[in-house]
Amino acid sequence: MGRWRDQALALGWLVLIWNLLWGDFTWGNLAGGLLVGGAVLVFFPLPPVTFGGRLRPGALLVFAARFVTELVAASAHVARIAVQPGCRPRGAIIAVQLRVRTDLNLALTAEAISLVPGTLILEVDRDTGTLYMHVLDVRGPADLVESRARVLEVERRIVRALGSAAEVRRVETDPAEKENRP
């Protein structure tokens, strides 16, 4: 029953997106969206993304507030680099292994990191739960350690907001941060 509900929900979103792309809600666009959405779900099936956690509104609010704060601070930092005469920032590519390796956590953490200016997810290794990312303005090893710690902190806030009790315990007690040091 859950699989059919998920498929119906996905079809509904695809039909909505189809109509938004056409810019007009008509019966023809609705029928076309149903045909295209059905074909996408049949010929390009995605693995199911399970949600075994629980929504915690307070932790979600903390995540959102910290995300906006980091977004503003990183935007100002990148803007300063862009207009500073003679500044040649150095970048680095780092790997950060997440502690909770669910598809949902990988996707949400990667998205939150990529939305912040100065960082970009290059690859996600689903099997090991590792994010490979480019970071801007690296001056030394301390900046790399700080970038890894920031990613793990973003993961911690996401898991606190949406994870199961076992996942929350894992991000609070797992010594994975030591594995992510250079």
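Does Leu20 count as buried or exposed, and at what relative accessibility? At 52% relative accessibility, Leu20 counts as exposed, because the cut-off for that class is over 50%. The model is predicted. The points below cover a surface patch that includes Leu20, the two sides of helix 2, and an aromatic pair in helix 3.

- Leu20 is part of helix 1, which runs over residues 2–22.
- A nonpolar surface patch is formed by Leu9, Trp13, Leu16, Ile17, Leu20, Leu21 and Phe25.
- Together, the residues of this patch have about 790 Å² of accessible area.

**Helix 2**
- Helix 2 consists of 17 residues, 27–43, and at 1.5 Å a residue it should span 24 Å.
- The C-alpha atoms at its ends are 24 Å apart, which agrees with that expectation.
- Asn29, Gly32, Gly33 and Gly37 are the buried residues of helix 2.
- Exposed residues Trp27, Gly28, Leu35, Val42 and Phe43 are carried on the face of helix 2 turned away from the buried side.

- Phe63 and Phe67 are 4 residues apart in helix 3 (residues 57–83), so about one helical turn separates them.
- Both Phe63 and Phe67 are buried.

Methods:
Residues numbered from 1 in each chain as written. Predicted model: local features only at pLDDT ≥ 70, side-chain atom pairs only at ≥ 80, totals over all residues. Heavy atoms only, no water. Expected span 1.5 Å × (residues − 1). Buried < 20%, exposed > 50% of the residue type's maximum accessible area, 1.4 Å probe, protein only. Patch = residues over 30% accessible without salt bridge, like charges linked within 9 Å, V, L, I, M, F, W, Y side chains within 5 Å. Areas by Shrake-Rupley, 256 points an atom, 1.4 Å probe, with all protein chains shown as cover. Salt bridge = Lys/Arg side-chain N within 4 Å of Asp/Glu carboxyl O. Phe/Tyr/Trp six-rings, centres within 6.5 Å; stacked < 30°, edge-to-face > 60°.
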